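Please look over the sequence and the structure displayed here before reading the explanation.

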Amino acid sequence: MKKIAVIYKSKYGATGRYARWLAEELGAELFEKSQVPASALGEFDLILYGGGVYAGELRGVKFLYKSRCRNIVLFTVGLEDPEKISYAHMEEKIHNTKGLERSKIFHLRGAMDFNRLQWLDKKIIGWVMKGQKNPTEMAEVETMIAPENKIDFVKKEKLAPIIEYVKNENNW
Ligand SMILES: Cc1cc2nc3c(=O)[nH]c(=O)nc-3n(C[C@H](O)[C@H](O)[C@H](O)COP(=O)(O)O)c2cc1C
């Protein structure tokens, strides 16, 4: 039996929901990033790491350079639709990071409850959204910014490609 770890960092919970489902489906050990002992990083045959996308970056991913395991699957959780935007810049940056050269990357959509954001995050989102020009994105954004509204794209089914990838050990 291969040993698999799912590690995540989630500011508002969306990545955490995906990480728990993934760990369950794969029979993997689940860790919140701040709680994974450095010594444990050498024990796994495969590490999956998930984090929220903040300002175009995958949050918290760099610590993986410490890992002795070089089979790494990353999943990003952002609000933007991965079918409509390019993640090439982020992927290039990740693949240029020590230890992550060979990592496989998946992109998932997250959630946002505008009223629950910390005040600085609220301000940043307000500024970002004013700069959006694409009408489809604008519609989503207006829903999000309207006071009582939230947006939630988190769905268990979206994990299917990751589960399929991991279950075929020839992939890694
Ligand atoms: C300050 C801020 C910046 C964000 N930047 C991006 C971004 O660049 N691209 C994106 O797709 N989503 C962005 N988001 C949306 C988050 O990625 C989304 O809410 C995600 O579900 C967060 O995951 P978490 O709850 O696990 O932290 C941003 C959210 C905040 C609050």
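The paragraphs below treat a pocket, a pair of helices and a salt bridge.

This is a predicted model, in which local features need pLDDT of at least 70, side-chain atom pairs count only at pLDDT 80 or more, and totals for chains, interfaces and linings use all residues. Residues are numbered from 1 along each chain as its sequence is written, and side-chain values use heavy atoms, without hydrogens and water.

The second largest pocket has a volume of about 280 Å³. A pocket is an open set of points on a 1 Å grid where a 1.4 Å probe fits, with protein on both sides within 12 Å along at least five of seven lines, and its lining residues have an atom within 4 Å of a point; the volume is the space filled by probe spheres set on the points. Strand E6 (104-109) and helix H5 (160-167) each supply at least two lining residues, and E6 gives the largest share, four residues. Helices (H or I, at least four residues) and strands (E, at least two) are DSSP runs, numbered from the N terminus. Among the lining residues are Phe106, His107, Pro161 and Ile162.

Ile162 also takes part in the packing of H5: Leu22, Glu25 and Leu26 in H1 meet Ile162, Ile163, Val166 and Lys167 in H5, where contact means heavy atoms within 4.5 Å.

A search of the whole structure finds nine salt bridges, each a side-chain nitrogen of Lys or Arg within 4 Å of a carboxyl oxygen of Asp or Glu. One of them joins Lys3 and Glu29 (3.7 Å, N to O). Lys3 lies in the segment before strand E1 (4-9) and Glu29 in strand E2 (residues 29-32), so this pair ties together parts that are 26 residues apart in sequence.
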